Amino acid sequence: MKHRRILERLHSWWLAPKPSWWPWLKRLLALFLVGGSVYYIWRRLAVDVGRLDWQSLELRWGSLGISLGLTTLCVALGGWVWKLILASLGHPLGWKESFFIHTAANLTKYLPGYGWQLLGKAYLTQRRGIPARVAAMGIALEFSSLLLTAFLVGGGIAPPNVRWPLLGELSLWGRLALLSSALLALILIPVGIHRWGEGKQRPLRDIVVPFWGAVLLMAFAWVLFGLAFGYLLRALGPLPKYGWSVAVYALSLSFII
């Protein structure tokens, strides 16, 4: 009860009229966060670029073009994924609308902080007549599925002796246990949707089919995205042994981090 009263007070405070200085405080806070993020990223990039041996780089334009093409294809697949995610929640949108929402929201991803893309996608989806609760659930569903599929693809393709973030080098059984847990979570997600709100009135098959269509597209896109990263590396120099699998592993697991 105590926690509920605290939440009610916060909710009342949030809806109450704010003083005239409140909007300016929010703008200053946003500028500080974005400016600080830009400064941090620029400092990191400046250090890394300074370490490059520019004379050893041999740019391969063909590999660079393939990398750009695969990356563009992955962005397009993301629009299809969003269409299937909303369909699994019983609120389908057309292909063009889903593609526009995904690509427009992706533009904001290149501002510091991944949250801009999530907020933008929820906002643009609501403007197409989708209820706010469905847009929010769709964002949570897509993001959690992206994390799980990234883990499955990156962990499944990683070379045997790779060191995992925070976990170090895993045995075969340890890796299989982690990958099985991620797969089980994906299998249980449609059941959770079926028990949530409007899902109770719909057959489980109508949820499972579009959801797993989205999951398979995500897994395919992670492989393509990793290969795009591999071609980008190949455009700058030769790839070592296990280079392609390391590229897929590094790209997908860096998203989780």
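Student: Which residues have the most contacts inside the largest nonpolar core?
Tutor: Those are Ile85, Leu141, Ile189, Ile193 and Phe211, in a core of 45 residues. A nonpolar core here is a set of buried Ala, Val, Leu, Ile, Met, Phe, Trp, Tyr and Cys residues joined through side-chain atoms within 4.5 Å, and buried means under 20% relative accessible area with a 1.4 Å probe, protein chains only.
Student: Which element gives the most to this core?
Tutor: That's α8, with ten residues. The elements giving two or more also include α3 (61-88) and α7 (172-195).
Student: Is this model from an experiment or a prediction?
Tutor: It's a predicted model, so local features need pLDDT of at least 70 and side-chain atom pairs count only at pLDDT 80 or more, while totals for chains, interfaces and linings use all residues. Residues are numbered from 1 along each chain as its sequence is written, and side-chain values use heavy atoms, with hydrogens and water left out.
Student: Back to Isoleucine 189, what does it touch?
Tutor: Leaving out residues up to four places away in sequence, Isoleucine 189 touches Leu141, Ser144, Ser145, Leu148 and Phe211. Contact means heavy atoms within 4.5 Å.
Student: New topic: how many helices and strands are there?
Tutor: Nine helices and two strands. These are DSSP runs, with helices being H or I of at least four residues and strands E of at least two, numbered from the N terminus.
Student: And how much of the protein chain is buried?
Tutor: Of its 257 residues, 32% count as buried.
Student: What does the C-alpha trace span?
Tutor: About 60 × 50 × 40 Å along its principal axes.

Key. Buried means under 20% relative accessible area, exposed over 50%, partly exposed in between (1.4 Å probe, protein chains only).
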